[in-house]
Amino acid sequence: MDLIIGLTVNGLATGMLIFLLAAGLTLIFGLMSVLNFAHGGLFIWGAYTGVWSFQMTGSFIVGIIIAIITGLLLGLVTERLIIRPVYGNHIQQILITLGFMLVLQEFIKVVFGPDQKAVFPPEILQGSFLVGDIVLIKYRLFIIAVGLLIFIVSSFILKRTRVGLIVRAGVMNKEMVQSLGINIKLVFMLVFMVGSGMAALSGILHAVYSGVIYAEMGLEFSILAFIVVVIGGMGSFSGSLFAAILVGLAQAFMAYYVPALSLAVNMLLMTVVLIFRPQGLFGKG
Amino acid sequence: MNIRNVEKSTWIFIIIGLLLFIVPFIITGRSMQFIIIQIFIFAIFAMSYDILLGFTGIISFGHVMFFGIGAYSTAIVMDRMDATVLSFFVAILVAVVIASIVSFIVGALTLRLKSHFYAMLTLALAGLFLVAAEKWRSLTGGNDGFTFRLPEILRDSHHLYVLCLVSLVLLFFGLRRFTKSPFGRVLMAIRENEARTESLGYKVLHYKVIASVAAGVVASIAGVLYALSLRFVNTGVFATDLTIDVLLMTIIGGVGTLVGPILGAGLVELAHHWLSGLSDVHWIFERWIILYGTVYILVVIFFPLGIIGTLQSKFMNRSIKGLRNSRKTVGK
């Protein structure tokens, strides 16, 4: 029993990290129909700058804040320089964002060095709680809490505020929103920045979670996020949470019981979804 | 076939192809010959990518999986069987069969989806192949890879050169014929306007699947030659970097031209060689991918047609206009 609870907590924590990455992807796709292959690059930049400032100042909160700021700024630059010149041309978008991903990844090696770096969680989040026989690792619970918090706050913004209303309307029909006198480009930019910030947050949280960071991590981890976006349905925010948890749990249990198949199980999940529901579990039409 | 009907450009390509056969007598340095062989191999790989990206308008980020399938099937077959020419042919056969089955399954499953999905899925699938090659150690030797012996005749660098050049020339003319056939025209129609092609009554999915199978098979042949030229194989043949390289070659050279990817392969391979040589001068050259990525981004934004494509649209304006006029008369 304690094993199953342990694996579940594990899976939920991984799921939340993937969700933070996938949520940005899915919103950006839903609103601008841009599939951002550079998302993994924002993820590692968040991880490296966050870890760097965490180790410099010794404060994890500062690390997280720096990571998010890096994500927001990089998101701004990416949207302006990389995405804006090629709006509306899908093939160019896909090609160019992949190229930018590479540049981001190599720049990490220039700035922070090409070697792997070890990361340790802050003292307050080290160790674990003991509930009966069940060991609950603090940091994993922390990730789950942060992920849920982000989900609740963003859902609130999306569903209850005027900005959220505009974003949701933009996902449905952006020409109409624009013709109603709303600066949709500004909304695009904001959503892109928020999505990048979430990716960077995911990066720093994942860096501490896995205990080691390296430049190729971004592309590897963003593949999971792509799988989640496909399973959850492109453009669906709650779909990406559901699919991320599904993928996280599948990965955690498979990694324990059949380690060789832990990546394959996600591909299998995605294939099944694609055959029976190509628009994704929560996607429309 | 009447010899007068052969296009002028065909003669030019034949002459260039024949001239290339003399090159190994002029350039006798082994390392330079090796680089030229690599250029031929990557030219084949890039041409196969051009069938997808340039002619059908499909973006695959996992094209390297077919290359890897080719390389691994050669290495495994040559390792398990005797090092004879016969087992070399068996290796090619195995590579082609596996590549066509895999590309058929992948294509049939995912090509009905939008371009985004296909790009993502192929990226993920190639990742799966990479992990499989790392984990299935009894077959692949894991990350370290393994060496294998070649039949006597293929050990000579000159013979290998001729083999690669002949494959390149044959595949080039084969693919050129393929793209100029009615079938190839339909592929281009899909690239230009998928919905309209569908409404004209073509089964777009069938055409796309066949194109992806053709591209997969040609890529696997490039993989076979790659393994032969190194006499060694490791998980590097499934690395995403190779897909990026081949993307760069196709885009810099010019998508949808077939000659462009060959030129691109030459440029990229030579640049790669020189830049990594420069890493003794300054450490920044070790990170040449930054330069690559930047060039690539600039090309995508400013020269989406690539070198050959830009030249063609500049100097062959007349032929394009002529095409438009003929279309108009048909319309009347």
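Predicted model: local features only at pLDDT ≥ 70, side-chain atom pairs only at ≥ 80, totals over all residues.
Local features need pLDDT of at least 70, side-chain atom pairs count only at pLDDT 80 or more, and totals for chains, interfaces and linings use all residues. Residues are numbered from 1 along each chain as its sequence is written, chains are lettered from A in the order in which they are written, and side-chain values use heavy atoms, with hydrogens and water left out.

The contact (heavy atoms within 4.5 Å) takes 36 residues from chain A and 34 residues from chain B. The area buried between the two chains (accessible area, 1.4 Å probe, lost on being put together and summed over both) is about 3300 Å². Carbon and sulfur atoms give 87% of this area. Leu95(A), Leu98(A) and Glu106(A) supply 17% of the area that chain A buries against chain B, more than any other three residues.

A pocket is an open set of points on a 1 Å grid over the protein atoms alone, where a 1.4 Å probe fits, with protein on both sides within 12 Å along at least five of seven lines; lining residues have an atom within 4 Å of a point, and the volume is the space filled by probe spheres set on the points. Of the 42 lining residues, Tyr214(A), Glu216(A), Met217(A), Glu220(A) and Phe221(A) are the closest to the pocket centre.
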